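Thanks for coming, everyone. Let me put the structure up, and then I'll walk you through it.

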Amino acid sequence: MKSSVDTNLATRPSESGRVVSLKTPDTVSSTKRIKRSFRQIRAENVFRRTLIIVALAMVALVLGIMLTLIFQSTLSIKSSGLGYLWGKTWDPVRDIFGAYPFILGTLLTSFLALAISIPFSFAVAVFLGEYYPQGWFPNLLKNTVELIAAVPSVIYGFWGLAVLVPIVRSFETKIGVEPVGLGIFTSAIILAIMVIPYAASLGRSMIHMVPSNLKEAAYSLGATRWEVIRSVIFPYTKSGLFAGVLLSLGRALGETMAVTMVIGNTSLIPKSIFAPGNTMASVIANEFTEADHPVYLSALIELGLVLFLVTVVINMVGKRLVGKFTNE
Amino acid sequence: MISMKNNVKYRIGKSTGFQALTILLACSCVVPLIFILIYILQAGLTKINWHFLTNLPKPVGESGGGIANALLGSIIIILVASVIAIPFGILCGIYLSENRKSRLAYWSRLCVDILQGVPSIVIGIVAYFWLVKPLGGFSAISGSVALAIMMLPIIIRSTEETLKLLPDSLREAGFALGLPFHRVVLKVIVPCGISGILSGVMLSVARIAGETAPLLFTAFGNPYMSFNLLKPMQSLPLLIFNYATSPYNDWHDLAWGASCILLIWVLALNIFTKLMTRKWKVQL
Amino acid sequence: MESTIVKSVDYNAYFGDNHVVKNVNIDIPRNNVIAVMGPSGCGKTTFLRGINRMHELIPGATAKGKIMLNAEDVMEMHPIFVRLKIGMVFQRPNPFPNLSIYDNVIAGYKLNGIKLPKAEKDRIVEHSLTRVALWKEVKDSLTKKGSFLSGGQQQRLCIARAVAMEPEVLLFDEPTSALDPISTSTVEELFHELKKNYTLIIVTHNMQQAARVSDKTAFFYMGELVEYDETKQMFTNPKDTRTQNYITGRFS
């Protein structure tokens, strides 16, 4: 490398008699240029190496997260074994750790929330993707729905506590169950509101991608708008819509603050959807700083590990589906 | 023939019915958001005044008090998180867009995807073991690290997606002038994609500004003013959580005011980003 | 007497296993316009991009052989030095969209972090823009973004950007294929001016253009350099039948 530059500088004067006299006098800037370039080459290599280190660090970060969770929960895995997952009692005082009530609570809140939110998010997706893709009002609706995801979860929790809980309580009085207000049902409603945007925005972009010649073929056969949506758009986008639902589910499973504030926090197995309970995330939030002995703490971290693995799987499947869809 | 006609009428009616239902459901999605906005503005705006912004919270039983410590704490924690996450995220995004097919890029991209879906509470647990335990106590810096980890996927994704869309001719123009790789990237490619990168950064800040769960076991909260990164620090979402779940009305008032400020802050950041990205966009 | 400035010796280029340029030996004399022509996919653009080492930017691309610039092999030099001495203009005008016209001209200095005095910069800008016959058109709007210019003006701006670095050789990769006829003729006229100071190598698939602007012409076919001669000779009396067929339009 060095020698090439030296010869470079050496050859230059020899030809300068001819070349530079033709050109404008630029000798100052060109020697400057060459000296400068030397430093550049070193900087270039440093930069390339930095990029690789950063990309490696990203992999190390996620591996580190996983290993930390596994390592810190070994104590609990050893003492409770697989029974941890379906053990029905969670009693830190007697050192009995069964996660079943929380797993049940998580599944109940999440799937109830999905059931409530799917009609709404699909409606938004169809509205923005098919009926009204352009215009100021659809644009406003799209941006507003996206803002739903921007509101901090602690604010949803607080609002739920102040507004939703009393409403649910009076509803419970009316249908004759114990009027607590706090519980699985209230959490599910809050979650349903929070997860609408995820399925809606993915669904909208999927519906956008349906080729118009497919739709036109159906219209030319005399299909109505609804029939086109049902028999062309939905079948064509079903994997994408499903991926959107999975993304929503991933959000619902891991949501912590809003649920913690309105679910009622009890380690008992919920008897109905109106009963108070706990989700995996909310137990961690509530008990982590109170865990006073290693097995207790480790049991909580194992909950975190389960949560981590489940959300990773759900998100990966979702991403795969979207990737497949967009490649086709 | 008549039955055919009736059938068509029925089908058209059904189609119109579903369209109406779709419109109704779609529009009703925003109702809760509007309710929440109105409720929180009503409950919160009246509490906000100069005193509220510049004073510390009062102990139980005394009315008044403010949220100065939470406001400053939030700003400090977010700033430190940004300082950690922004350079790292942008560099990683650059790597992914420059090396689309390398094996490391594949794994790195996979990890970004994974990280994007990890529940925030789990990040909190990990930050606890990485920083709180070794440092011997709750600290603002551990909260910043947890939030920085949450910012990364958003910044990396938006950087990668933006830079991928830039035409190759730009890079070639740079290389043909004898620019070294790092100058082509930093002086040509990044400035041309700056609108997308900045919007990712701002969205990530908006996202973490309201995060509570990762701070529960890291920054922890602190009823006093603190500027020490190695000590517990209060933040707005933590204050809202702690005071909202307390049984005291005075504290609820503080929490409403704080919610109002947090909500305005986060929504303003989101809307501002949307508007500005269009303006900053470099015309290609 | 004409001295050789660029000389390739057994130059080969590959995309993965695909051998796209085969054993090219060519002597390019100083201050000449060389046209490189041939049907698409014949390796002419790859060869051109090999001269200033742009070829290897494409993932999987490799090259073998020598390309001598004066007495040095560019394959042994660092690409940055090569590209400072051999400028390039692309098929589509690609001014930097984030820079003004003024900054686009001195982009090679500015983006490389070379600090020049204001007077020097002004001189380079005026000088380079004058050389590409753009100065009169843009001198009042130097602070505007380069992307506001018309296609032909943008392409001349890109030539000015390359000229500003005072290279010895200028490479053109089908420089007029994205331009309208009037802009094309302006750019072609430029070649006559530019060859006084530089050596120009122009890839084109437009035979008329090759005949109009070049002193010597090289004909590439299937990755090989089939024939290389004075342009007049080539178009009136080609030696190889493949050249003859191409010129008379018997294959395409």
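Predicted model: local features only at pLDDT ≥ 70, side-chain atom pairs only at ≥ 80, totals over all residues.

Residues are numbered from 1 along each chain as its sequence is written, while chains are lettered from A and ligands numbered from 1 in the order in which they are written.

Chain A, then. It has 12 helices and 2 strands. Helices here are DSSP runs of H or I with at least four residues, strands are runs of E with at least two, and both are numbered from the N terminus. Along the sequence, the pattern reads α-α-α-β-β-α-α-α-α-α-α-α-α-α. Chain A has 328 residues, and 45% of them count as buried. Buried means that 20 or more other C-beta atoms lie within 10 Å of the residue's own; exposed means 12 or fewer, partly exposed is in between, and C-beta atoms are placed from the backbone.

Chain A divides into domain 1 (2–80) and domain 2 (83–327). Those bounds come from an automatic or database domain assignment. Where they touch, domain 1 of chain A gives 9 residues and domain 2 of chain A gives 13. A contact means C-beta atoms, placed from the backbone, within 7 Å. On the domain 1 side there are 4 nonpolar, 5 polar and no charged residues. For those classes, Ala, Val, Leu, Ile, Met, Phe, Trp, Tyr, Cys and Pro are nonpolar, Asp, Glu, Lys and Arg are charged, and the others, Gly among them, are polar.

Next, chain B and its neighbours. How many residues of chain B are in contact with chain A? The count is 64, against 67 residues of chain A. Helix H1 (residues 2–28) of chain B gives the largest share of that side, 11 residues. The side of chain B that touches chain A holds 47 nonpolar, 13 polar and 4 charged residues.

Turn to chain C. Here 20 residues of chain B are in contact with 23 residues of chain C. On the chain B side, helix H8 (168–176) and helix H9 (181–192) of chain B each give two or more residues. H8(B) gives the most, with 7 residues. By class, that side has 12 nonpolar, 4 polar and 4 charged residues.

Buried or exposed? 5 of its 5 residues are buried, so E3(C) is largely enclosed by the rest of the structure. C:Val33, C:Ala35 and C:Met37 sit on one side, with C:Ile34 and C:Val36 on the other. In a regular strand the side chains alternate between the two faces of the sheet.

E3(C) runs parallel to strand E8 (residues 199–203) of chain C, joined by 4 bridges. There, C:Ala35 has C:Ile202 as its bridge partner. E3(C) also runs parallel to strand E9 (residues 216–221) of chain C, again with 4 bridges. In that pairing, C:Val36 partners C:Ala218.

Last stop: helix H5 of chain C. Its buried residues are C:Ile124, C:Val125, C:Ser128, C:Leu129 and C:Arg131. Down the axis of H5(C), they fall within an arc of 155 degrees, so they line one face of the helix. The arc is that of directions from the helix axis to the C-beta atoms. Exposed residues C:Lys118 and C:Ala119 are on the face turned away from the buried side.

Definitions and conventions:
Contact = placed C-beta atoms within 7 Å. Pairing = 2+ DSSP bridges.
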